[in-house]
Amino acid sequence: MPTATAKVAARLAQGVTAKRAAVALLVAAYGAKKLYPVLRRQWAASDLGAGRGPGAGGEALGKWGPADDATASPPGVNRVFFVRLLRLLRMLFPGPLCRETGLLALHSAALASRTFLSVYVAQLDGRLARCIVRKNPRDFTWQLVQWLLIALPATFVNSAIRYLEGQLSLAFRGRLVDHAYRFYFEGQTYYRVSNMDGRLRNPDQSLTEDMVAFASSVAHLYSNLTKPVLDLIVTSYTLVSSARSKGAGTAWPSLIAGLVVCITAKVLRSCSPKFGQLVAEEARRKGELRYMHSRVVANSEEIAFYGGHKVELSLLQKCYRELASQINVLLLERLWYVMLEQFLMKYVWSAAGLVMVAVPIITATGYSESDTEAVKQAAQEMEEKELVSMRTEAFTTARSLLNAAADATERVISSYKEVTELAGYTARVHAMFQVFQDVKRCNFRRPGELEDKAPQTGAAMKHGVRVEGPLQIKGRVVDVEQGIICENIPIITPTGDVVVSSLNIRVEEGMHLLITGPNGCGKSSLFRILGGLWPTYEGVLYKPPPHRMFYIPQRPYMSVGTLQDQVIYPDTAEDMARKGQTAADLEQILDIVHLNYLVQREGGWDAVSDWKDVLSGGEKQRMGMARMFYHRPKYALLDECTSAVSIDVEGKIFQAAKDAGIALLSITHRPSLWKYHTHLLQFDGEGGWHFEKLDPAARLSLREEKQRLEQQLAGVPKMQQRFSELCQILGEGTAPEAGQSGPSVVRLRSELEGIKRSARCIETSLEYKRRITPPPPSVFAKKQERGPGMLPLNFVYRIPGECIFVSETKFRLVEVQGDNFAAKEGLK
C-alpha cells in the first residue's frame, strides 16, 4: 500500500519537471546577459555604417512607398491602421540582423522565462499548502527554501523585462529620430513644412512627443500581448493536464471559460470609446499649447513693447482650456469603461473561476484512465487525510494558475484600448512622414484645402487673384555657370496669391541689380524663388547652382557655437580647414566689415556666447556680410541686410563686395547704395515691373524733385483755405463795399492772383511729373510725339507766372498757360 501511495503521489507531482525547464531558462538568461554587450556593440557598428552611408536618406525615402488612399480617415483599428503600422515597423526593423531584432529576441526570451517561472511558483504554492495540511514541518521547510531560491531569478527576470522593454522603446525611438531628422533636413523640408504646406501645424510636436509616445506604445504593447498569450497557452495546458491526470472532466470548465471570455470581449468592444481619436486630438491640442508658448518666447520683445501680455495670456488660457476639456472627456470615457472592465474581469471572472476550479476537484476520481489497476486501487483505498492534502494542493495550484490565466486574458482584452491609442499615435507619426515625403516632391497642400480637390489646369494667373486648388509645378529650373534669366516666371505666394503674373529679366555677368518697390510687391518673394525655397510654377529659370549664390536676410541667424562658427556658418571647422582658410583670413574679413574688435572683446575665436543677444543689430548684420566674404559666392542676394549699419560703413562693404567680384542683387531703400548698382528692377505693386539700366544721378535728382513737390503739395490745403477767406472778403469778385479802402482791396486781389498762379504752377508741375514717370519703351515712344514738353526732366523751379524745367541735357524755359507748356527759349 505505501508503495502504491508513493506512486500516486509521484504521478501527481509530475510538475517537478518544470523545475528543469526553469533552470534551463535561467542558464539561457545568464548567457544572454553575457553575450548582449558584445552583440550590442556589433549591431551599433553595423547600423552606424549602414545608416551613414551615401544616399541612405534617399533609399529610405524610396522605400517609404506611396501614400495611402485614406490619409484623411480618423484614427481607428481598421485596415488603414494596419497598413500604416506595417510601414512604420519596416522602418523600425530594417533587417533581420539589426539591433532591434536582437533586443526583441532577448525580450521574448525574458517573457517566456517569466511564464514558466510563474507555473513553477504556482506548483510550489500547492506543495506548501499540502505540507501545511499534512502538518509536515520538514517538507514545508524544504519547499519554502525552494520558493525563496526561485524568487531570486524571478525578480531578475521581472527587472530584465522592464529593462529590455525600455531598451526596445529607446531603440525604436532612435530609429524613428534618425529617419525623421534625415527627411526633415533634406531638400529644405524643414522650411517647406512650415511655410509651404499647411498639414503639420506643429512639426516640433510630431518630431518629439509623438514619436516618443509611438515608440513606447509599440514596445509596451508587445509586452502586454506576448506574455499574456504565452501565459494563456502554458497555464491552460498545465490545468488541463493536471485535471486529466486526476480523472476530472475538462469539458465544462473549458466551455465556461470560453463563454465568459467571448461575452466579455464582445461587451467591451461594443462599449469601448474611440480612444484613438481622443488620444490623437489630445496630442494635437498639446501641440497647439506648446506652439503658443513658443510664439511668446520667440516674440517676447515685441509683445513687451506693445504691452500685449493680456492678449497672449488670453490665448494661452484658451488653448489650455481646450486641452483640459479634451483630457476631461478622455478621463470621463475611461471612468465608465474601466468600471465595466473591472466588473466583468474581476468579479464575473472570479465567480466563473471558482466554478471552474470546483468542478474538476469535486468530480475527480484520483486517477486517470491510462493508469494501471494497482494505481487505481491505491487511489480508491487512500486515507481521507491524504486525499484532503492532495485536494488542497490541487486547489491551490489550480487557483494560482487560473489567476495567472485570468490576468493574462484581462491584459489581452484590455490591450484593445492600448491598440486604439496606438492607432492615434500611428496616424500622427505616419502623417508626419507622409508630409515630409510630399513636400520633398513639391506636393503642397494649403490649410483648409480638400484632399481630393483636383488641381486647376489652364487657369489664368492675374495679379490680385488667388489660385484655388493645388498648384501644379510646370516650370523648370536649369543650373548654369553665369547669369540669371527669368523667362515667364510667375511670383505666387504659398497661399496661392499671384503677386506678379510673368517676370522676364536677364542679369548678365558684371551686372549689379537694384530691386525696389512698395511692400508686398514681390521683392523678397523673387529671392525665395532664386534660392529654391519657392517652386517655379511656370516658365524657365536659369540660375547658378545653390553653392554659387548666398542669401543674407535683414535679420541674420546666429547659430550656437563659437565666434569662429558665426563667421564661417554654415561651414564647420573641418570645412574651413579643407578650404585652406585660416584665422588670419577671418581677421581680414572682419576688418572689411569693421568687426575686428570682436575677437579681443569676446575673448578669442573660441569664445562661446548667446550671440543673438550679445551682438547688436548692426553687428549681426555686418556678421552676415562677413559670411558673404568668407564664402565668396558668385551672386549675393541682399535683402535689406544693412539697414542697421551706418551709411559710410555700408558703402565700404558694398564696394569691397564689388571689388571681390561678387554680383549684387540688392533690396534697399537707401539712395546712398544706388551708385553701387548698374541696373534697376522696379515693381509697382500692381503686378507690373520695369527693368532698365540704372542712372544713379538722374534717379537721385528725380527723388529730390519728388520730395520738393510733396512739400509744396503739403501747403496746398492752407492756400485753398486762404483763397476761400479772400473770396469771402472780396465778395466773390464784386465791387468793394462802402467803408473799405481801395488799397486794401487791391492788395487782397493781388494776393489772390498770386495764390492762383502758385497753385496752378504746382498742380501743372505735378501733372507733368506724373506724365514723365519712366514708362515702358513702347509707351514712351507714343507719348514722345506730344512735343518737347515730354522730355525727362530733373529739377523744377517756380517763379511768379512761370516754371523753369531743367532737363538732363539742356535748360528749357517753359511758360505755364493752363495745362499747356510753351517753350520760350533754350539755354546752354
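Modeller: The discussion goes from the whole chain to single residues, and the model under discussion is a predicted one.

Colleague: How many helices and strands does the protein chain have?

Modeller: The protein chain contains 26 helices along with 14 strands. It has 828 residues, and 42% of them count as buried. Its accessible surface is about 43900 Å², with 58% of that area belonging to carbon and sulfur atoms.

Colleague: Let us turn to strand pairing. Which strand is joined to S2 by 6 bridges, and in which sense do the two run?

Modeller: The partner is strand S3, residues 498–507, and the two run antiparallel. Within this pairing, Ile 492 has Val 498 of S3 as its bridge partner. The hairpin of S2 and S3 has 5 residues between the strands, and among them Gly 496 adopts a positive phi near 95°.

Colleague: With which strand does S2 pair over 3 bridges?

Modeller: That is strand S5, residues 540–543, again in the antiparallel sense. Here Ile 485 is bridged to Tyr 542 of S5.

Colleague: Is strand S2 mostly covered or mostly open?

Modeller: Strand S2, spanning residues 484–492, is mostly covered, since 7 of its 9 residues are buried.

Colleague: Backbone geometry is my next concern. Which two residues are joined by a cis peptide bond?

Modeller: The bond is between Tyr 569 and Pro 570, with omega about 10°. Pro 570 belongs to the loop between helix H16 (563–568) and helix H17 (573–579).

Colleague: What is the phi of His 594, and where does this residue lie?

Modeller: Phi of His 594 is positive, about 60°, although the residue is not a glycine. His 594 is in the loop that lies between helix H18 (583–592) and helix H19 (597–602). With a relative accessible area of 29%, His 594 is partly exposed.

Colleague: What is the corresponding reading for Arg 632?

Modeller: Arg 632 is a residue other than glycine with a positive phi, near 50°. The loop that holds Arg 632 is between helix H21 (617–631) and strand S7 (635–639). Exposed means over 50% relative accessible area, and Arg 632 is exposed because its value is 51%.

Colleague: Finally, which residues form a nonpolar patch on the surface?

Modeller: The patch is formed by Leu 332, Leu 335, Trp 336 and Met 339, which together have about 460 Å² of accessible area. Trp 336 is part of helix H12, residues 309–363. With a relative accessible area of 52%, Trp 336 is exposed.

Key
Residues numbered from 1 in each chain as written. Predicted model: local features only at pLDDT ≥ 70, side-chain atom pairs only at ≥ 80, totals over all residues. Heavy atoms only, no water. Helix = DSSP H or I, 4+ residues; strand = E, 2+ residues; numbered from the N terminus. Buried < 20%, exposed > 50% of the residue type's maximum accessible area, 1.4 Å probe, protein only. Areas by Shrake-Rupley, 256 points an atom, 1.4 Å probe, with all protein chains shown as cover. Patch = residues over 30% accessible without salt bridge, like charges linked within 9 Å, V, L, I, M, F, W, Y side chains within 5 Å. Salt bridge = Lys/Arg side-chain N within 4 Å of Asp/Glu carboxyl O. Pairing = 2+ DSSP bridges.
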